[in-house]
Amino acid sequence: MEASSRIYVAGHRGLAGSAIERELKRQGFGQVMTRTRAEVDLLDGLAVRRFFEEARPEYVFVAAAKVGGIMANSTQPAAFLWENLQIQNNLIHSAWMTGVKKLLFLGSSCIYPKLAPQPLREEYLLTGPLEPTNEWYAVAKIAGIKLCQAFRRQHGCDYISAMPTNLYGPNDNYDLQGSHVLPALIRKFHEAKIRGEKQVVCWGSGRPLREFLHSDDLARALVFLMRHYSEEQFINVGSGVEITIRDLATEVGRVVGYQGETVWDPTKPDGTPRKLMDNSRLFALGWKPEIDLPSGIALAYEDFCRRFAA
Ligand code: GDP
């Protein structure tokens with residue numbers, strides 16, 4: 001990838017895509033292309049194909065997806081399966097039809113079996129049943145990995161896949177029904193502080209363990225992989241640090257400055273008990289994260305305040 005390469009970031013308004021666009025610009029790539037949904041609807045195969053034919057991207061980051069937290073995933077199975085299959089099929093097929101040089105497909109750590117050994121190594125894919133709360137999304141992402149591998153095998157395409165752990169950062173989704181845990185906690189603690197409420201209600205038991213990665217770290221890893229990685233084997237992208245949801249709530253409460261009590265609602269699902277990536281493949285290539293969780297939460301809270309609490 002050269003400074004003058006034509007690079008298309010699909011999903012540039014989302015958490016991952018916006019971070020990729022920022023990172024590419026920061027590193028001096030001059031021709032970063034983006035399109036809003038109104039300009040190119042990624043669910044529309046013809047529109048995607050027309051865009052690729054006209055804009056002729058050479059490198060493509062597939063960061064567009066229908067994403068959501070535990071509640072959104074389990075209540076909208078059709079949307080999570082169909083929309084994600086559609087988006088990735090349209091992008092990957094159009095990339096092939098128009099001779100894109102390299103494509104990076106972004107998956108998720110939920111592709112792994114619910115009860116796989118931890119930390120999750122890449123080779124555990126398809127060794128057991130998925131976590132039911134997000135299996136629709138996971139099945140679509142597994143199909144995306146396989147599609148990249150299939151195009152590589154059958155047509156020699158340089159398509160790679162990366163599986164990020166739980167992400168957070170600027171442009172996150174703070175809608176309490178649809179979001180992931182970290183943005184949800186930022187919003188809940190912030191609003192409780194402003195309203196002087198004595199309690200914040202969090203979901204589940206607080207016992208599940210999750211690994212978190214700031215989206216700016218993810219973007220650095222993805223640009224690094226686009227430049228230096230060309231294997232059929234997909235690759236995990238995580239921080240290697242895990243925390244219980246209970247400790248996460250304490251940390252978010254501290255950053256936000258909330259003085260009240262945290263209570264747990266056991267009627268809400270815990271999801272998978274633990275989801276820690278084995279990042280040795282990526283770390284062995286010489287990449288490592290730079291933003292630790294407390295600093296990352298502080299940055300995310302600043303972003304939240306800029307966007308919603310001005
Ligand atoms: P997951 O990693 O796919 O399970 O997705 P989430 O980020 O939505 O949830 C992670 C964990 O945080 C689950 O155990 C949730 O029950 C828990 N959690 C606690 N409070 C909340 C909340 O307010 N919103 C969300 N989304 N999850 C919460």
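Trainee: An axis is a line fitted to C-alpha atoms, for helices over the stretch in contact, and angles run from 0 to 180 degrees between N-to-C directions. With that settled, at what angle do the axes of helix α8 and helix α10 cross?

Mentor: This is a predicted model. In it, the axes of helix α8 (residues 245–256) and helix α10 (residues 293–308) come within 10 Å and cross at roughly 55°.

Trainee: Moving on, how far apart are the axes of α4 and α5?

Mentor: Helix α4 (residues 77–97) and helix α5 (residues 135–155) have their axes 8 Å apart and pack at an angle of about 15°. That makes α4 roughly parallel to α5, because angles under 35 degrees count as roughly parallel. The crossing of α4 past α5 is right-handed.

Trainee: Which residues make the contact?

Mentor: From α4, they include Phe80, Leu81, Leu85, Ile92 and Trp96. From α5, they include Trp136, Tyr137, Leu147, Cys148 and Phe151. By class, the contact of α4 with α5 has 14 nonpolar residues, six polar ones and no charged ones.

Trainee: And what about α2 and α4?

Mentor: α2 and α4 have their axes 9 Å apart and pack at an angle of about 35°. α2 passes α4 in a right-handed crossing. Gly45, Val48, Arg49 and Phe52 of α2 meet Asn90, Leu91, Ser94, Ala95 and Met97 of α4. The residues of this contact of α2 with α4 comprise five nonpolar, three polar and one charged.

Trainee: Change of topic: which residues are closest to the ligand?

Mentor: The ligand is surrounded by 17 residues, and the closest are Val181, Lys188, Arg210, Pro269 and Asp270.

Trainee: What part of Asp270 lies 2.6 Å from an oxygen atom of the ligand?

Mentor: For Asp270, it is a backbone N or O atom. Asn166 has a polar side-chain atom 3.1 Å from an oxygen atom of the ligand. For Lys275, a polar side-chain atom lies 3.3 Å from an oxygen atom of the ligand.

Trainee: Last topic, the backbone. Is the peptide bond from Gln118 to Pro119 cis or trans?

Mentor: The peptide bond from Gln118 to Pro119 is cis, with omega near -5°. Most peptide bonds are trans. Pro119 is in the loop between β4 (102–106) and α5.

Trainee: And what is the phi of Arg56?

Mentor: Arg56 is not a glycine, yet its phi is positive, about 50°. Most residues other than glycine have a negative phi. Arg56 is found in the loop between α2 (45–55) and β3 (59–62).

Key: Residues numbered from 1 in each chain as written. Predicted model: local features only at pLDDT ≥ 70, side-chain atom pairs only at ≥ 80, totals over all residues. Heavy atoms only, no water. Helix = DSSP H or I, 4+ residues; strand = E, 2+ residues; numbered from the N terminus. Near = heavy atom within 4 Å. Polar contact = N/O pair within 3.5 Å; in protein donor to acceptor, adjacent residues only side chain to side chain. Parallel < 35°, antiparallel > 145°, perpendicular 65-115°, else oblique. Left-handed = near helix turned anticlockwise from the far one by under 90°. Contact = heavy atoms within 4.5 Å. Nonpolar A, V, L, I, M, F, W, Y, C, P; charged D, E, K, R; others polar.
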